[in-house]
Amino acid sequence: MDRKRIQWNTRTKILVYMVLALIYLAGILVWGLLMDPEAYAVDYSVKFLPPGAGHLFGTDFMGRDMLLRCVKGLSTSIVIGVIASVVSSFIALAAGVAAAVVGGKLDSFVNWCVDLCMGMPHLVLLLLISFMLGRGMKGVMVGVALTHWPELTRIVRAEVLQIRSEQYVQAAYRLGKSRMQVAREHILPHVLPVYLIGVILLFPHAIMHEASITFLGFGLSAEEPAIGVILSESMKHIATGKWWLALFPGIMLLAAIMLFDRIGEDLKRLWNPDSGNE
Amino acid sequence: MSRSRYIAGTVFRMLTLLAAVSVLSFVLVTSSPIDPLTAYIGTNSTLSQEARDEITEHWGLDDPPVERFTAWAGNFLKGDWGTSIAFKKPVKTVIKERFSYSVVLMLIAWTFSGVLGFLAGIFAAVRKGSLWDKAIKVFCLALQSAPTFWVGLLVLSLFAVQLGWFPIGLAAPMGKLAQDVTLEDRIWHLVLPSLTLGVLGISKITLYTRQKLIEIMDSGFILFAKARGEDTAQLVLRHGIRNIALPAVTVQFAAFSELFGGIALAESVFSYPGIGSALTTAGLSGDVPLLLGIAVFSAVFVFTGNLIANILYGLLDPRIKEGRADG
Amino acid sequence: MREKKERTPLLDVQGLSVSFSMYERGLQKKDLEVLHKLSLGVYPGEILAVVGSSGSGKSILAHAVMGILPGNARVKGEIHYRGELLDKERQEALRGKEIAFIPQSLAYLDPLMRVDRQVIGIRGTKEKQEAAFARYHLGKEVERMYPFQLSGGMARRVLISTAVMEEARLIVADEPTPGLHEEVAMETLRDFRQLADEGCGVLLITHDIDLAFQVADRIAVFYAGTIVEIAPVTDFLAGKEALRHPYSKAFIDALPQNSFKPIEGFQPYAGSLPEGCLFAPRCSACSKECAGEMEMRRIRDGEVRCVHAT
């Protein structure tokens, strides 16, 4: 009896975490998207206010409310992160499945591309792509979308190879089913969960890289609300002790990254209890 | 010999990848809409059209791409990496100067995170499930998700601004002449940036060591050693460390890639004049030759890390060293 | 044989149950009992072979005796060694000294440590190791080898030399002969016979009943996580009429040299065991008495877990 309650708890705990994480992220997203930019309008009379009742996160050098700017910025980051990881994951799915199913030259080629992409520091590659596109929103978006596929490709490829070697798949081939049929009926259903978990685990990386590249000045422009921009600005005022300009936006970013990560890891544990952390 | 063949194969593979990386970088950088000429002379320059044409001609900006690449690659291999637009110095000189600053920073951070992370990972694995283990795990997971530049900002804000223990930025006191800068000055300015980089590098190696050691402690040979009377300390010291050391070192060398990315961000926060901030400057000012130079250099840096890891395996793992190549 | 049994057994396992708690997909926690009320005894100077099909959990018995079960295992029942309870502390104190374990394969050697250091372990000396190697005809060159460089026969002899490093009284050998040539396997078993003749008790866990016939004094038949019968090897050699449990009889019948008739049905999996007698669903003599709790009974010169046995 007692043990039954504990079992139930582990699972429910994970589900509750996941729902809370989702509510936080969805809340930020919706709030940010619907927010009127006037809400954090310039007001020089209240510049550099420390965090307090009126402005929970304080105000910046133009008297804008930091909480609202952060929410708006984070929602942009989430949008970019979602789009970029979806694109990256499609590349990974296509490349990984193709490499494993076709094999031979294509397999070596995909592996070679993965090695190539990983041969340069990720940030440098991002910076070069953003540079090629003349920086700005387009630069970050394409950069982040085009550089996050290698690891997931490896995972998908390994998974497909493993399933393909299973006996029932071998039997399906011998029964005269075509490659496409086998791929659709046997391989895809097994790869899909691994892939979906992979996509969710891509989000945090994508968001983090978007913020990093924006912080360095290669991403969203200074006029756009973005966590990277906010933190980059805060650098100028840190020497004069305006610590709140850096602390809170970073915490919000960190929370978003950790929550996405958490959701991914939890799903992984639910799917395959032997994997990951214990 | 199988060992030299193994190393030669690795080197060859890396060289071909390196060549491909240069091609890729070249294509990316030269197809940018940011006009290098405008970047060089500024948007409201009064330079005459003839002078502009001359520069275009000199740089070969109007040549077909393949020709431009072969010209650039040929010069690059001969040791002529072009001239940096932003620093008005040969690219090679800029990289050499800047990297000499960065390498100290990276070495400190890398060693610090490697040693401490390895020990913390072992500690957590041995105490698996305890409060210590959980604390270490949560700490690492949080750090893993924390952007480098933000941690840098916090460190700067706390230790330099609020507490005033360390200087706010740069590699030496502002206004001090280069020959007057003492070793103490340099160290003083290195503390915060290397702390930032090191703290961030720690989580990966800690979590890896922990996970790997837990796996090893479940393996048959540990079981047998236990059945022969070894206690936990002996198991870890005699067998655990022996079996995780090599993979952990490999992971640490493979982290060269993230280290380089981290340095670009950390140096930007601490205005540290290393290769990372040179990269940002090059990108922001449209300095194509320097950008290319640093991109290729960064790839060489990453490959060197992988190569060292591979060679270490070949030298130290008896399964590769003393026998079957398929070990 | 008979006079030996009047003495206290070296190892006495009474009602040993081992279960593992594990997670399934969706994080449903589940307890899986793999050993059920298992009882047996090993006397000094004898080899007791525990025989059962591969992958049926026999190794767990060895691990339980050595005290090296994984953390998610729960143990019920008692193990006595030389008349005293063998609890965790005593296991830790005695293993590697009086109680030696011989594992299945090379995978139980540290892949990155040279063989001589491993055989010496934490208690041995170089001299003892050299003596052990000489006893088992292992050349000087083997000392400096890594496990992956050993041949199957060498590996066996290296593993068995670890057991003679100290004055072991009880040797627990877990599947010591799989994948070996018949000749090497026989040689290994002769080594066990020799150790038993020197006074050791040997608990030999194996799936190879032919080999057990050749060296064991008594054989314990392992079925679905418990021991259904323990009898002198002579009873097994005499044929199924001399045996007590229907499973042992069927088992002997299924051997190639006998009628080669397979037993119908499958061994039940841990987690989906029948109530009462575990063999009941496959037993032709099954009656309603079989639904109750099965106790080990002494019949003739052996023990059996069956109400019908005579």
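Me: Which residues are buried in helix H5 of chain A?
Reply: In H5 (residues 136-146) of chain A, the buried ones are A:Gly139, A:Val140, A:Met141, A:Gly143, A:Val144 and A:Ala145. Buried means 20 or more other C-beta atoms, placed from the backbone, within 10 Å of the residue's own; 12 or fewer is exposed, and in between is partly exposed. Helices here are DSSP runs (H or I, at least four residues), strands are E runs of at least two, and both are numbered from the N terminus.

Me: What covers those buried residues of H5(A)?
Reply: The cover includes H2 (66-102), H4 (122-132) and H8 (179-215) of chain A. Contact means C-beta atoms, placed from the backbone, within 7 Å.

Me: Where does the model come from, and how is it numbered?
Reply: This is a predicted model, where local features need pLDDT of at least 70, side-chain atom pairs count only at pLDDT 80 or more, and totals for chains, interfaces and linings use all residues. Residues are numbered from 1 along each chain as its sequence is written, with chains lettered from A and ligands numbered from 1 in the order in which they are written.

Me: Where is confidence lowest in chain A?
Reply: In helix H1 (residues 2-34), with a mean of 77, while H4(A) is highest at 91. Chain A averages a pLDDT (the predictor's confidence in each residue, from 0 to 100) of 82, and 94% of the residues score at least 70.

Me: Switching to chain B: how many helices and strands?
Reply: Chain B has 14 helices and 0 strands. Of its 327 residues, 42% count as buried, and its C-alpha trace spans about 85 × 55 × 35 Å along the principal axes.

Me: How many residues of chain B are in contact with chain A?
Reply: 40 residues of chain B, with 37 residues of chain A. The chain B side divides into 29 nonpolar, 11 polar and no charged. Nonpolar is Ala, Val, Leu, Ile, Met, Phe, Trp, Tyr, Cys and Pro, charged is Asp, Glu, Lys and Arg, and the others, Gly among them, are polar.

Me: And how many residues of chain C are in contact with chain B?
Reply: 21 of them, with 18 residues of chain B. That side of chain C has 13 nonpolar, 4 polar and 4 charged residues.

Me: Which residues of H12(B) meet H13(B)?
Reply: B:Ile275, B:Ala278, B:Leu279, B:Ala282 and B:Gly283 in H12(B) meet B:Leu290, B:Leu291 and B:Ile294 in H13(B). By class, that contact has 7 nonpolar, 1 polar and no charged residues.

Conventions
Contact = placed C-beta atoms within 7 Å.
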